[in-house]
Amino acid sequence: MALHDMEDFTFDGTKRLSVNYVKGILQPTDTCDIWDKIWNFQAKPDDLLISTYPKAGTTWTQEIVELIQNEGDVEKSKRAPTHQRFPFLEMKIPSLGSVCWGSWHEHVKGWWEAKDKHRILYLFYEDMKKNPKHEIQKLAEFIGKKLDDKVLDKIVHYTSFDVMKQNPMANYSSIPAEIMDHSISPFMRKGAVGDWKKHFTVAQNERFDEDYKKKMTDTRLTFHFQF
């Protein structure tokens, strides 16, 4: 294990967490301190791994899985905030004007290729928005749960964006403001597909399309950026 110490530092007046390098990947010091345990972790046959790129439906999927496992029992999901109910490892890199967490293209392509070799259910955010009940049922079947329509409809309701945004156990409002200041940017913003149109200029969209085509040319994986 190779570690390289880096002190806490500030950027734009905001104090950032202390970080180290582990095997060439920048990680929070807390993660580095337990890296041996992480590296030697042995999964059980019935363990479920949710692997997502940041801000791509992670919390949404976690909440769906929680309610599927508990067969729609909402009270059980209120026992603790999401980050306490779901142990997770997040690849955090302080933002310095460049893309954090590594390449999105490599992330989505890597898991797309892996699904042909391992038992992996690949979900698309756009499909989940378009037909949540169908995707939730698909996820339930993957997990091994057979749920009736009443339970599925209940899960659809309680994992809808508007309901989750008001749920303190799912919206990260329990996190101290010095760590996550929701007055600057709420953790759950809009949950919409195609909102990029309100932010990208025509020139920016053209640059994105060119870069996307170049980096995704070697895969059959396709995404829908609007309905």
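## Close-up views of a predicted model

**View 1. Start of helix 5.** A side-chain oxygen of serine 103 comes to within 3.2 Å of the backbone nitrogen of histidine 105, at the start of helix 5. Such a polar contact is a pair of N or O atoms within 3.5 Å; within protein, one must be able to donate a hydrogen and the other to accept it, and residues adjacent in sequence count only if both atoms are side-chain atoms. Helices (H or I, at least four residues) are DSSP runs, numbered from the N terminus. The model is predicted: local features need pLDDT of at least 70, side-chain atom pairs count only at pLDDT 80 or more, and totals for chains, interfaces and linings use all residues. Residues are numbered from 1 along each chain as its sequence is written, and side-chain values use heavy atoms, with hydrogens and water left out.

**View 2. Buried side of helix 5.** His105, Val108, Lys109 and Ala114 of helix 5 are buried. Buried means under 20% relative accessible area, exposed over 50%, and partly exposed in between (1.4 Å probe, protein chains only). The buried residues of helix 5 pack against helix 10 (202-215), where contact means heavy atoms within 4.5 Å.

**View 3. The largest nonpolar core.** This core has 21 residues, and those with the most contacts inside it are Ile64, Ile68, Ile136, Leu147 and Ile155. A nonpolar core is a set of buried Ala, Val, Leu, Ile, Met, Phe, Trp, Tyr and Cys residues joined through side-chain atoms within 4.5 Å. Helix 3 (58-69), helix 7 (132-143) and helix 8 (149-158) are the elements that give two or more residues to the core. The most comes from helix 3, with five residues. Isoleucine 64 touches Met128, Ile136, Leu139 and Thr159, when residues up to four places away in sequence are not counted. Another core, of seven residues, lies apart from the one above, and includes Tyr122, Tyr212, Leu221 and Phe223.

**View 4. Loop between helix 7 and helix 8.** Lysine 146 is found in this loop. With a relative accessible area of 86%, lysine 146 is exposed.

**View 5. Tryptophan 60 and its partners.** The ring centres of tryptophan 60 and tyrosine 125 are 5.3 Å apart and the planes stand at 75 degrees, so the pair is edge-to-face. Tryptophan 60 belongs to helix 3 and tyrosine 125 to helix 6 (residues 125-130), and the pair links distant parts of the chain, 65 residues apart. Rings of Phe, Tyr and Trp (its six-membered ring) pair if their centres lie within 6.5 Å; planes under 30 degrees apart count as stacked, over 60 as edge-to-face and the rest as tilted. Tryptophan 60 is buried, at a relative accessible area of 13%, whereas tyrosine 125 is partly exposed, at 22%. The charged end of lysine 129 sits over the ring of tryptophan 60, 5.9 Å from its centre. For a charge to sit over a ring, NZ of Lys or CZ of Arg must be within 6 Å of the ring centre and within 35 degrees of the ring normal.

**View 6. Aromatic cluster.** One cluster is formed by Trp104, Trp112, Tyr122, Phe124, Trp196, Phe200, Phe208, Tyr212 and Phe223. Lysine 115 lies over the face of tryptophan 112, at 4.1 Å from the ring centre. Tryptophan 112 is partly exposed, with a relative accessible area of 22%, and phenylalanine 124 is buried, with 16%.

View 7. The closest N and O atoms of glutamate 63 and arginine 85 are 3.1 Å apart, in a salt bridge. This pair links glutamate 63 in helix 3 with arginine 85 in helix 4 (residues 82-85), 22 residues apart. A salt bridge is a side-chain nitrogen of Lys or Arg within 4 Å of a carboxyl oxygen of Asp or Glu. Arginine 85 also meets glutamate 66 in a salt bridge (3.7 Å, N to O). Glutamate 63 counts as buried at 2% relative accessibility, arginine 85 at 10% and glutamate 66 at 6%.
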